[in-house]
Amino acid sequence: MPNKDRYQKNKKYYTQYYQDKIKDDPEYNKKRYQNTKETQAEYYKNKKNTPEYFEHILPLNKFNSARRRAKAQNLPFDITVQDIKDIWPKDNTCPVLGIPFTSGGHETKNRSASSLDKIIPSKGYVKGNIQIVSALANHIMSNATPDEVIKVGLYLKKITEDLNMTHNNRTFD
């Protein structure tokens with residue numbers, strides 16, 4: 001019970017402190033909120049562009065998300081955070097498309113975000129069945145067979161060459 005009493009005493013003290021502070025300075029809460037919001041935005045913007053983010057934080061996020069998806073879809077799961085770090089491309093680029101990984105935004109909105117891919121989806125998240133690719137590459141691979149991807153690629157290359165055009169400001173070689 002001593003902790004509960006201490007909590008109630010502190011809660012009462014800080015509640016009164018902030019009420020007095022707001023009374024003394026009506027702009028206090030507005031300034032405090034704005035400063036916090038700006039500081040957090042700057043912190044997360046800078047944090048996601050550091051090597052530490054790609055080396056430590058992002059693999060942990062990928063692990064936790066994969067574990068949650070495996071449980072929800074009743075798939076096998078026996079990987080560790082270290083397994084994800086071991087397969088992470090050292091140059092932070094997608095091995096399929098060769099585009100650099102970027103951070104920020106949800107994978108469905110950020111096509112160049114890193115994505116943990118199950119090579120054979122029915123096997124689940126197990127060692128030897130996972131790879132790190134871009135969200136765009138994962139989306140393409142998960143919605144078509146290899147033959148279908150090749151057919152679409154060849155068709156798109158043919159029509160762009162025939163029409164002497166580019167797709168999304170990218171030329172096809």
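What pLDDT does the protein average, and what share of the residues score at least 70?

**Figure 1. Confidence across the predicted model.** The protein averages a pLDDT of 80, and 72% of the residues score at least 70; pLDDT is the predictor's confidence in each residue, from 0 to 100. Helices (H or I, at least four residues) and strands (E, at least two) are DSSP runs, numbered from the N terminus. In this predicted model, local features need pLDDT of at least 70 and side-chain atom pairs count only at pLDDT 80 or more, whereas totals for chains, interfaces and linings use all residues. Residues are numbered from 1 along each chain as its sequence is written, and side-chain values use heavy atoms, with hydrogens and water left out.

**Figure 2. The tilted pair of F63 and F77.** Rings of Phe, Tyr and Trp (its six-membered ring) pair if their centres lie within 6.5 Å; planes under 30 degrees apart count as stacked, over 60 as edge-to-face and the rest as tilted. By this rule there are 3 aromatic pairs. In one of them, F63 and F77 are 5.4 Å apart centre to centre, with 55° between the planes. F63 belongs to helix α3 (residues 51-73) and F77 to the loop between α3 and α4 (81-87), so the pair ties together parts 14 residues apart in sequence. F63 is buried, at a relative accessible area of 11%, while F77 is partly exposed, at 25%. Buried means under 20% relative accessible area, exposed over 50%, and partly exposed in between (1.4 Å probe, protein chains only).

**Figure 3. The edge-to-face pair of W88 and F101.** These rings lie 6.0 Å apart centre to centre, with 65° between the planes. Both W88 and F101 are buried.
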